[in-house]
Number of protein chains: 2
Amino acid sequence: MNVFDAIQARYSVRSYKMQDVEEEKLLRLFEAARLAPSANNRQEWRFVVVKDAVTRQQLMHAAREQEFVGQAPVIVACCAVTDNHVMTCGQPCYPIDVSIAIDHITLQAVEEGLGTCWIGAFYEDRVKKILGIPHVVRVVELLTVGYPADEGLPKNRLPLNTIVMRERWK
Amino acid sequence: MNVFDAIQARYSVRSYKMQDVEEEKLLRLFEAARLAPSANNRQEWRFVVVKDAVTRQQLMHAAREQEFVGQAPVIVACCAVTDNHVMTCGQPCYPIDVSIAIDHITLQAVEEGLGTCWIGAFYEDRVKKILGIPHVVRVVELLTVGYPADEGLPKNRLPLNTIVMRERWK
């Protein structure tokens, strides 16, 4: 599947089949993440892969009771080990770098026939407690992974001429 | 080109051919960005596409005199129109959402035979002044785009077992 088709086909999957994700597929997702670029090659990304049903249920509660989170066969806590370095532009590196790695996972997942959903609606302290994640580590996103049981809707997006400007802000 | 090959082939291109980027290719890059997911479909991303040589030289100075920035035929200021909404997890939406869109551009660029480089080393206030970007808008990254005149080196990355943990933090 080419890149453009994967980008078009990706959608936020909120219903999953009760079907395990093959280990070799999971490894390719994280290999895709591993190859991501990061500021000064800091590679702050760390991934805690959760398949255990009891733990997934706990994470569902920490993710504001979103039921589909617990229903997904795999939940990945996408973390950052970071010294909170801020780039010259004023942005901390770690949320950007971890997001690039996660995006690689989501597109590789499409290629593997899998679906994902980015989840920012969770209580970080509760997720850390559930997974034994040290206080200094940041949990940037949760990501559900599995075989989709739903279908994507047409994407509702702003038109290109609203988001792209030429030469100057207009 | 499939997704995994594009992820493997992508590298930070810091030398560009003196060759224009075709308009239809540029449009596919931004179409790839446009289709990205964002928190609550906020779509904060805005892109100012700069081809003018004088402006590119000014941006090079604002990017801490990194010469290759001025040498690239296209520089994209990757911006966010944002109310600074913070997700339950504690992260602001906009750096994550804009990064996803930029990552789509970088992978689509590989498919188009183009190269890119993420640049966080720039003075945001100077870039805003050069491009007439309003004070409230954030410039998250600059992205150079063009045909590569260099070649990627083997990627120096942490091994998979350092970045992936099972069930709990270890």
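## Burial and basis of the model

A residue is called buried when its relative accessible area is under 20%, exposed when over 50% and partly exposed in between, with a 1.4 Å probe and protein chains only. B:Phe30 has 2% relative accessibility and therefore counts as buried. B:Phe47 is likewise buried, with a relative accessible area of 0%.

The model is predicted: local features need pLDDT of at least 70 and side-chain atom pairs count only at pLDDT 80 or more, whereas totals for chains, interfaces and linings use all residues. Residues are numbered from 1 along each chain as its sequence is written, chains are lettered from A and ligands numbered from 1 in the order in which they are written, and side-chain values use heavy atoms, with hydrogens and water left out.

## Aromatic pairs

Over all chains, the whole structure contains two aromatic pairs. Rings of Phe, Tyr and Trp (its six-membered ring) pair if their centres lie within 6.5 Å; planes under 30 degrees apart are stacked, over 60 edge-to-face, and the rest tilted. The pair of A:Phe30 and A:Phe47 is tilted, at 5.4 Å centre to centre and 45° between the planes. A:Phe30 belongs to helix α2 (residues 23-34) of chain A and A:Phe47 to strand β1 (residues 45-50) of chain A, so this pair ties together parts that are 17 residues apart in sequence. Helices (H or I, at least four residues) and strands (E, at least two) are DSSP runs, numbered from the N terminus. Both A:Phe30 and A:Phe47 are buried.

In chain B, the ring centres of B:Phe30 and B:Phe47 are 5.4 Å apart with the planes at 45°, so this pair is tilted. B:Phe30 is in helix α2 (residues 23-34) of chain B and B:Phe47 in strand β1 (residues 45-50) of chain B, so the pair ties together parts that are 17 residues apart in sequence.

## Interface of chains A and B

Contact (heavy atoms within 4.5 Å) involves 75 residues of chain A and 75 residues of chain B. The two chains bury about 6900 Å² between them, 59% of it on carbon and sulfur atoms; buried area is the accessible area (1.4 Å probe) that two parts lose on being put together, summed over both. A:Arg157, A:Glu167 and A:Trp169 supply 12% of the area that chain A buries against chain B, more than any other three residues.

Two salt bridges cross the interface, each requiring a side-chain nitrogen of Lys or Arg within 4 Å of a carboxyl oxygen of Asp or Glu. A:Glu23 forms a salt bridge with B:Arg166, with the closest N and O atoms 2.4 Å apart. Among the elements that give two or more residues to the side of chain A that touches chain B are α1 (3-9), α6 (124-131) and β4 (138-146) of chain A. The most residues on that side, 10, come from α5(A).

## Two local sites

A:Gln43 is located in the loop between α2 and β1 of chain A and is buried, with a relative accessible area of 7%. Not counting residues up to four places away in sequence, A:Gln43 touches A:Ser38, B:Asn156, B:Arg157 and B:Leu158. The side chain of A:Gln43 reaches the backbone nitrogen of B:Leu158 at 2.6 Å.

B:Pro134 is found in the loop between α6 (124-131) and β4 (138-146) of chain B and, at 30% relative accessibility, counts as partly exposed. Not counting residues up to four places away in sequence, B:Pro134 touches A:Trp169 and B:Lys128.

Definitions and conventions
A polar contact is a pair of N or O atoms within 3.5 Å; within protein, one must be able to donate a hydrogen and the other to accept it, and residues adjacent in sequence count only if both atoms are side-chain atoms.
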